[in-house]
Amino acid sequence: MRAAPVGDRAFESAIPAQVLDRIQHGTMRTTYRSVPFYKSPFDISLYLELLGALAPRTVIEIGTKFGGSALWFADMMTAQGIHSPRVLSIDIEPLSEVVDPRITFITGDAKRLDAVLPLDLLEALRHPLLVVEDSSHMYAESTAVLEFFHPVLETGDYIVVEDGVVNQLSGEQYRRYENGPNRAVADFLAVHGPDYEIDADLCDRFGRNATYNPNGWLRRR
Ligand SMILES: C[S@@+](CC[C@H](N)C(=O)[O-])C[C@H]1O[C@@H](n2cnc3c(N)ncnc32)[C@H](O)[C@@H]1O
């Protein structure tokens, strides 16, 4: 399924398909402090850039898996000199054994975030906020996360929708996502576009959408 371009921005990544398949192979074997950590080399660099520029006080990721990314975010925030960094990491089926005072692991469903992130908790979060949607990569979950955080985000906050690139991976197993993340971003921006800016500097840093998150680095205006 196609995702409608946002303005002049198509969702296709300039990374050639064969190269992308090989990068994916390596990404799925990546670890951080011995914990699996599923970020591509492009996105590790792009997140570092964003963490430095934004200096988020809070990172909220949807999709913990083994906790490698939560640990990496917490460590990189500390390395950037961010005071009292906080990471909330939510998963419907967390497998993390990571224990770290900077990280709160929460069991919850991307489609029912209101059940685990009540208003008083959201209001107490320190901004800037970086929200990372890295859950099922299905349209319904990506859309639910975008819509849930839309009223929570303040000017300058970021929400990153991960892994739209799955649509360009050749393996049959990736077809089941039905281009979920890209379609969710396109449909969300069709409604809320004036409130967001696609950070083209990040998306295109290494080539047009040379990221696992094509058109997925969104800055709240
Ligand atoms: C790609 S992994 C997360 C990888 C991790 N963020 C990293 O970079 O190392 C996706 C995770 O999303 C979780 N997930 C799938 N559907 C979900 C849902 N509806 N709500 C919350 N988490 C979900 C899965 O259990 C899985 O652990």
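Helices are taken here as DSSP runs of at least four residues, numbered from the N terminus, and on this basis Asp187 of the predicted model is found in helix H6, which covers residues 180-192. Asp187 has 16 C-beta neighbours inside 10 Å and therefore counts as partly exposed, since a residue is called buried only if 20 or more other C-beta atoms lie within that distance and exposed if 12 or fewer do. Although Asp187 and Ala3 are 184 residues apart along the chain, their C-alpha atoms are separated by 8.2 Å.

The strands of the model include 7 that form an open sheet, in which the order is S5-S4-S3-S6-S7-S9-S8 and the pairing is mixed. The edges of this sheet are formed by strand S5 (103-107) and strand S8 (196-198), each of which pairs on one side only, and neighbouring strands are turned against each other by 20° on average, with direction ignored. Within the sheet, S3 and S4 run parallel and are joined by 5 bridges, and Ile62 stands opposite Ile90 in S4. Helix H5, formed by residues 139-149, packs on the sheet, where it touches S3, strand S6 (129-133) and strand S7 (158-161), and the direction of H5 makes about 175° with that of S7. Strand S4 is largely enclosed by the rest of the structure, because 5 of its 6 residues are buried.

The largest nonpolar core comprises 55 residues, of which Val131, Tyr158 and Ile159 touch the most other members, while helix H3, with 6 residues, gives the most to this core. When residues up to four places away in sequence are not counted, Tyr158 touches Leu50, Leu54, Leu130, Val131, Trp217, Leu218 and Arg219.

Terms used: Residues are numbered from 1 along each chain as its sequence is written. This is a predicted model: local features need pLDDT of at least 70, side-chain atom pairs count only at pLDDT 80 or more; totals for chains, interfaces and linings use all residues. Helices (H or I, at least four residues) and strands (E, at least two) are DSSP runs, numbered from the N terminus. Two strands pair if DSSP finds at least two bridges between them. Axes are lines fitted to C-alpha atoms, for helices over the stretch in contact, and angles run from 0 to 180 degrees between N-to-C directions. Two residues are in contact if their C-beta atoms, placed from the backbone, lie within 7 Å. A nonpolar core is a set of buried Ala, Val, Leu, Ile, Met, Phe, Trp, Tyr and Cys residues joined through C-beta atoms within 7 Å.
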